[in-house]
Amino acid sequence: MSRWRKALIAGSVGSVAALGIVVLPGTPAAAAPADLVVEYDCVASGANSIVRNGPVRLTTNLTFATDLVVGDPLNFTWKLHYANDGRLQSPGYFPEGGQVHATGNVQLTSSWQGILQPKGSADPEGPLRPDGYLSLPETMNDPGLTDKPGTITVTPKDIELDFTPPDGSVVVNDGDDADNPSDMGIVYSSGWVSLDDRPGSENHVHNDLHQTDQINASAELTFIGTGVEYIGPTDKDAGPVDIYIDGTKRATVDPSRSDDDVPVNDDLDGGQTLWTSAPLKYGEHKIKIVNAANKPAWLDAFRVTTNTSKIPTGYHSAKCQLASSPVSVVVTVRDKSGPTVTQTPTNTPTNSPTNSPTTNPTNPTPTGTHTTPNNRTTDIGLGRVIVVPSATGTSSATPKATGPTATKYYRAQVPNTPKGGVDSGEAPDREDRPYGLMAALVIGGAGGGLLLRRRRAAHAGGAH
């Protein structure tokens, strides 16, 4: 057992407790991954957030291995659960297909520096109404490969949530929810009359439309989407109509003329797309049409389109922050090559057989030495983290071969055992058991919302 390990075990218990450091027993990583239980409070951050009625608390489990060999994946599995009856809620009426997306942020420091971002998406929702409950992504993942030995200090940070609506279009008329599934209503100024129960041959949306003969009479719609169309009839007696998007005039259309500027001979040929907007940034917009002459103007409906390519836009976003003090766990990445034991056989023949070869414990040249050039950027495997190695340094170790001699392992002496921690005492002797990771959980201060659990597989060694 190295002197630094003995010193940690035999050191001042009071000092360890005061620093908030929990020394965990050396156990193979495959048998004892870190399982952080961290609580978050989510608040609105987008203009029309899915956090609608006060903060929503989440309980999360962030699991990862703490003892790796170069080339092993640094894989975070982050599970999300509602902590109580608070829920994310739909920001409006939507057909089926909307989804909640989550992006976690895990800070890496020490030999690696950067942010790893596990991501996950919930299952598509069914049809939604305002304040309908939304499902959480069950798991976020983002694996990366380690490319050099060293230590990684892992600190969970904020979680970002967003909602993507289903892509498609909806026709907004003046009926009930069946006609108006996005809960959007057209607002008419004075001077308009409703013409209901029009002949089906006129092709109006739902066989009705609105008409005005007054100059400057207007109709407007506030909508959430990425585009909008003005739908109405072409007619030989129609006058020009000005169109505004978000308060800015974008076009003037004349339903009495065709696209090639030829007068039409139509009488209320309804259901025509008279104007289509340019693509808009996803969010809330307003279209307004204004009668520009003392001639008849008509409005059948507006068609609102949404095309986000299923990418979160930030418009419905929420930000989840730690409900307790920050926590960090140290991960060790060891070199693939380890210390070797040199055995020198007895060369002098004798009449008596040699029961055991002469063993020369040697101090081999350390294989953990690693020098990292400055300003090097490394992309770790499949992960999205950009790794910026710390300043040039050399880490070395001089392990000593012990041959077949058994090694004693001791439990950490901790007066108050944390949940998932270890009891005080001494483990029995174990033969041929390699040193595991001496992991440290560094807690920034007292506070609820976090637990550290060390899990062991059934085959893992150690005292119970």
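Reader: Which residue of E16 stands opposite Trp192?
Author: Trp192 faces Thr212 of E16. This is a predicted model, with residues numbered from 1 along each chain as its sequence is written. Local features need pLDDT of at least 70, side-chain atom pairs count only at pLDDT 80 or more, and totals for chains, interfaces and linings use all residues; side-chain values use heavy atoms, with hydrogens and water left out.

Reader: How do you know that E15 and E16 pair?
Author: Two strands pair if DSSP finds at least two bridges between them. E15 and E16 have four bridges, in the antiparallel sense, so the pair meets the definition. A strand (E) is a DSSP run of at least two residues and a helix (H or I) one of at least four, numbered from the N terminus.

Reader: What makes E15 and E23 edge strands?
Author: The open sheet of three strands runs E15-E16-E23, with antiparallel pairing. E15 (192-195) and E23 (297-299) each pair on one side only, and for that they are listed as the edges. Neighbouring strands are turned by 30 degrees against each other on average, direction ignored; axes are lines fitted to C-alpha atoms, for helices over the stretch in contact, and angles run from 0 to 180 degrees between N-to-C directions.

Reader: Why is His210 called buried?
Author: Buried means under 20% relative accessible area, exposed over 50%, and partly exposed in between (1.4 Å probe, protein chains only). His210 has 12%, so His210 is on the buried side of the cut-off. The residue is found in strand E16 (residues 209-212). Contact means heavy atoms within 4.5 Å, and beyond four places in sequence His210 touches residues including Asp174, Val193, Ser194, Ala297 and Leu299.

Reader: What makes the link between His210 and Tyr188 a polar contact?
Author: A polar contact is a pair of N or O atoms within 3.5 Å; within protein, one must be able to donate a hydrogen and the other to accept it, and residues adjacent in sequence count only if both atoms are side-chain atoms. The side chains of His210 and Tyr188 are joined at 3.2 Å, so the distance is within the limit.

Reader: Why is strand E7 described as largely enclosed?
Author: Nine of the twelve residues of strand E7 (residues 99-110) are buried, so the rest of the structure largely encloses the strand.

Reader: What makes E12, E9 and E8 partners of E7?
Author: Each pairing reaches the bridge count of the definition. E7 and strand E12 (residues 150-164) have eleven bridges, while strand E9 (residues 119-121) has three with E7, and strand E8 (residues 114-116) also has three. These pairings are antiparallel. Thr103 stands opposite Glu160 in E12 and opposite Lys119 in E9, whereas Gln107 stands opposite Ile115 in E8. E7 is joined to E8 by a hairpin of three residues.
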